[in-house]
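Please look over the sequence and the structure shown below before reading on.

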Protein chains: 2
Amino acid sequence: MSGLLPNSSVSVPTAPAPLRIGLIGFGCVGQGLYDILRRLPEFGAEVRRIAVKNPAKARPLPADQFTYHADELLADPELDVLVEVIDDAAEAFRLVSSALRQGRRVVTANKAMVAQHLPELVALQQHHGGTLLYEAAVCGSIPVIRTLDAYFGQEPLRSVSGIFNGSSNYVLTRMGSEGSDYAPALAEAQAKGFAETDPTLDMAAFDPRSKAVILAAHAYGVLLSPEQVLNLGIENVSATDIAYAGLEGQKVKVVAGLYLLPDGQLTVLVTPQFVGPASPLYAVDDEFNGVIIEAEFAGTQFLRGRGAGGHSTGSAVLADLAALRGDFRYAYAKLNAQPLTYTTDLELEIYIRTDNELLLDQLGFTDITEEADEDGYIVGYVPLCALLQYRDALRKAGAFVARTGNVRPATAHSDESQVLEAVSC
Amino acid sequence: MSGLLPNSSVSVPTAPAPLRIGLIGFGCVGQGLYDILRRLPEFGAEVRRIAVKNPAKARPLPADQFTYHADELLADPELDVLVEVIDDAAEAFRLVSSALRQGRRVVTANKAMVAQHLPELVALQQHHGGTLLYEAAVCGSIPVIRTLDAYFGQEPLRSVSGIFNGSSNYVLTRMGSEGSDYAPALAEAQAKGFAETDPTLDMAAFDPRSKAVILAAHAYGVLLSPEQVLNLGIENVSATDIAYAGLEGQKVKVVAGLYLLPDGQLTVLVTPQFVGPASPLYAVDDEFNGVIIEAEFAGTQFLRGRGAGGHSTGSAVLADLAALRGDFRYAYAKLNAQPLTYTTDLELEIYIRTDNELLLDQLGFTDITEEADEDGYIVGYVPLCALLQYRDALRKAGAFVARTGNVRPATAHSDESQVLEAVSC
């Protein structure tokens, strides 16, 4: 091999100055990151200060390593980066927005906070010159945000869909493969550290909805309020529903979908869905997450990786720290393009199991595909708007709803028009 | 939603100056890129000049759009970026290295060229300040180089493996699912534009070897000469071999593997392998490529996407153009780290079908697992070094070799020591 140089003759830049980190939060992700940085001294990052909330809580490090006032970290000019990994979205926004107002560099894993405040967070970066990265907020270890933001930043996308919540996927996998009941499967997910502190966020699909809202900004340049997006979860799932899916060789998965419709509008929803073996999501089990990207030119891409856990989520924070050192920022390229409009004016084919006749009436079925009185389920088309309007009633009534995957434009409404007009979506 | 701003109030930077592109080569990838840019006027890139080699060849654009002297593009200071997508690796290196010596920004899809000259290409970027990106050179539309370089730049990786050649995968899929013979399946792949001009590059696994060499630099910081890496292909595959795999519910796939061994050394090889349904590669069919990344902290990642075709490879060039506009460069972070050593001192369990007894003797089996005289195959352990030494003899003798996936340290050599000492690996 003429011209092959040994490693040593390729000079690479000398190691940069150590990165001094202020870590806010020391739960699963914070401890995961701390451990990773300890095991990678050559990266040259040092957790200089750690802020936590509760002085009484037992922790794996000596008490003198902690402060109980996160604002002290904000006031410390010696810290190069703030890493925010706390649960409380309101407090997280207070801290992160305050740091960005100082023009600082911040990494967060808080999907609820980012989803609720993305427009302000983008504006704060623009006005004050700071940088916010949040790869760990969506799909744990999968580099989905930077792939959508940078790699697919110029390319029109037909859809982005996937399993964005490791905890509910773990529960469904246990129920499907071992016939576990819901409650013990959830307890197992919590014991393994896959679940949010409040299980409702995972199980009622608030968590994957936040992630879908974040991806809508990067993949489509559409800034949504989480409340605009339907989220239905698995709190009411039963063996009947799993068995129904199994009859067709399918599994129940909570699928978040961002779909560019034939009319050029975007719709986003997060619900249980029946998924067959032809879909790459079928094989995404346990706490894994998977994302399918259908791109105009690249074709179909699929990414799978761990969606939960301290080390895998900590790994995404590590990647963000390295990116900050290289002055990487999200381009938000599609926010600059001709804006897409968001719509919920379409009909979904759903499976619903409930004995609440009133609710079934209220949903305004436009077509019934299948009805099984003995098992108490109906399959048919309903307006997405009606599901949004009655989401809380469905949860409260113990109803379980799953998409079949079939979608169609809203039909000409006749009798259902009253229902639809009452919906502000 | 307090604080939700409509899209319009988030100001984003105004569109950058148009990117003036000099395109060298107008085959499948060049035409794919040209079409993509034509369909994305909002990206603001303009193919200002196109250089091709053969004035006599019929082309889809008027002749006055072409020059036949690529050096004119190198000499044109009005071009912001040169995109090199020609077949000829030697000429590609001459052009790309010359452009980098001028400190220019260059995108290439030429995997053979990059693999042969990576150390010089890294050094030229360092010394002259230019930038070279080559995402399209590995796995078509899958963003594997930037994922390894940037996202996993700090994280130790246990292995990177996958299907890196769409053309041979297409042939194997046709043979497996439809019982096609090798020759018509190859002709079909060529007709669809998935194959290199010289089919040997794809079918004898020279092409995926180049890709493995490129990934070794980004994933492990190890600069290899392609000749150091075993490549065995599918030119001699037969229905017998496909059927053997099928008996165990497996498929034959050409798998490139970069493995960190328990002793901390790296080995790299590209050969057919029997792959069962538990592997995500099992479902990677047709011209698709797939990559499995086993990372220390993130766990196992899997990426799948189109590995060939003008639009999907053009999409990767588009992403590189957008990255250049954002001043992205590969960090080559692991070239800076403590270098790993490369080894071929291990044994692989292989399936080999040949009637050449001398060759079987020369390979120096250290263990025979299975032997079927009637079908003419043997399964057993051989030194990797012996496969490297006898690679050309195996091809010439019509032998088909596939890995089972089992690997072990080199055994204490007794009789085989002569064989091993004769191998310069």
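How many bridges join strand 1 of chain A to strand 4 of chain A, and do these strands run parallel or antiparallel? In this predicted model, strand 1 (residues 19-24) and strand 4 (residues 81-84) of chain A are joined by 4 bridges, and the two strands run parallel. Within this pairing, Ile21(A) stands opposite Val81(A), which belongs to strand 4 of chain A.

**The parallel sheets**

The two strands belong to an open sheet of chain A, in which 6 strands follow one another in the order 3-2-1-4-5-6 with parallel pairing. Its edges are formed by strand 3 (66-67) and strand 6 (131-133) of chain A, each of which pairs on one side only. Helix 1 (residues 28-39) of chain A packs on this sheet and touches strand 1, strand 2 (45-51) and strand 4 of chain A, while its direction makes about 150 degrees with that of strand 2 of chain A. Helix 3 (residues 89-101) of chain A also packs on the sheet, where it touches strand 1, strand 4, strand 5 (105-108) and strand 6 of chain A, and its direction makes about 155 degrees with that of strand 5 of chain A.

In chain B, 6 strands form an open sheet in the order 3-2-1-4-5-6, and the pairing is parallel. The edge strands here are strand 3 (66-67) and strand 6 (131-133) of chain B, with each pairing on one side only. Strand 1 (residues 19-24) of chain B runs parallel to strand 2 (residues 45-51) of chain B and is joined to it by 6 bridges; in this pair, Ile24(B) stands opposite Ala51(B) of strand 2. As background, strands of a sheet pair through backbone hydrogen bonds, either parallel or antiparallel.

**A buried strand with two antiparallel partners**

Strand 13 (residues 346-353) of chain B is largely enclosed by the rest of the structure, because 7 of its 8 residues are buried. Strand 13 of chain B is joined by 7 bridges to strand 16 (residues 400-409) of chain B, and the two run antiparallel; Glu347(B) stands opposite Arg408(B) in strand 16. Strand 13 of chain B also pairs in the antiparallel sense with strand 15 (residues 377-383) of chain B, over 7 bridges, and here Arg353(B) has Tyr377(B) of strand 15 as its bridge partner.

| Strand pair | Bridges | Direction |
|---|---|---|
| Strand 1 and strand 4, chain A | 4 bridges | parallel |
| Strand 1 and strand 2, chain B | 6 bridges | parallel |
| Strand 13 and strand 16, chain B | 7 bridges | antiparallel |
| Strand 13 and strand 15, chain B | 7 bridges | antiparallel |

**Domains of chain A**

The domain assignment divides chain A into domain 1 (12-137), domain 2 (154-305) and domain 3 (346-421). The C-alpha centres of domain 1 and domain 2 of chain A lie 28 Å apart, and the contact takes 10 residues from domain 1 and 10 residues from domain 2. On the side of domain 1 that touches domain 2, helix 4 (residues 111-128) of chain A gives the largest share, 7 residues. The residues on that side of domain 1 divide into 7 nonpolar, 1 polar and 2 charged.

**Where the chains meet**

Between the chains, 57 residues of chain B are in contact with 57 residues of chain A. On the chain B side, the elements that give two or more residues are helix 4 (111-128), helix 5 (144-151), strand 12 (299-306) and helix 11 (310-325) of chain B. The residues of that side divide into 30 nonpolar, 20 polar and 7 charged.

Strand 12 (residues 299-306) of chain A and strand 12 of chain B run antiparallel and are joined by 3 bridges, and the bridge partner of Arg304(A) is Phe302(B). Helix 5 of chain B is largely enclosed by the rest of the structure, because 8 of its 8 residues are buried. These buried residues pack against helix 5 (144-151) and helix 11 (310-325) of chain A, together with elements of chain B including strand 7 (157-163) and helix 9 (206-220).

**Confidence**

The model scores ipTM 0.92 and pTM 0.93. Chain A averages a pLDDT of 92, and 93% of its residues score at least 70, but over residues 1-9 of chain A the pLDDT is below 50. The pLDDT also stays under 50 over residues 414-424 of chain A. Where pLDDT is low, the predicted coordinates should not be read in detail.

Note on methods: Residues are numbered from 1 along each chain as its sequence is written. Chains are lettered from A and ligands numbered from 1 in the order in which they are written. This is a predicted model: local features need pLDDT of at least 70, side-chain atom pairs count only at pLDDT 80 or more; totals for chains, interfaces and linings use all residues. Two residues are in contact if their C-beta atoms, placed from the backbone, lie within 7 Å. Ala, Val, Leu, Ile, Met, Phe, Trp, Tyr, Cys and Pro count as nonpolar, Asp, Glu, Lys and Arg as charged, and the others, Gly among them, as polar. Two strands pair if DSSP finds at least two bridges between them. Domain bounds come from an automatic or database domain assignment. Axes are lines fitted to C-alpha atoms, for helices over the stretch in contact, and angles run from 0 to 180 degrees between N-to-C directions. A residue is buried if 20 or more other C-beta atoms lie within 10 Å of its own, exposed if 12 or fewer, and partly exposed in between; C-beta atoms are placed from the backbone. pLDDT is the predictor's confidence in each residue, from 0 to 100.
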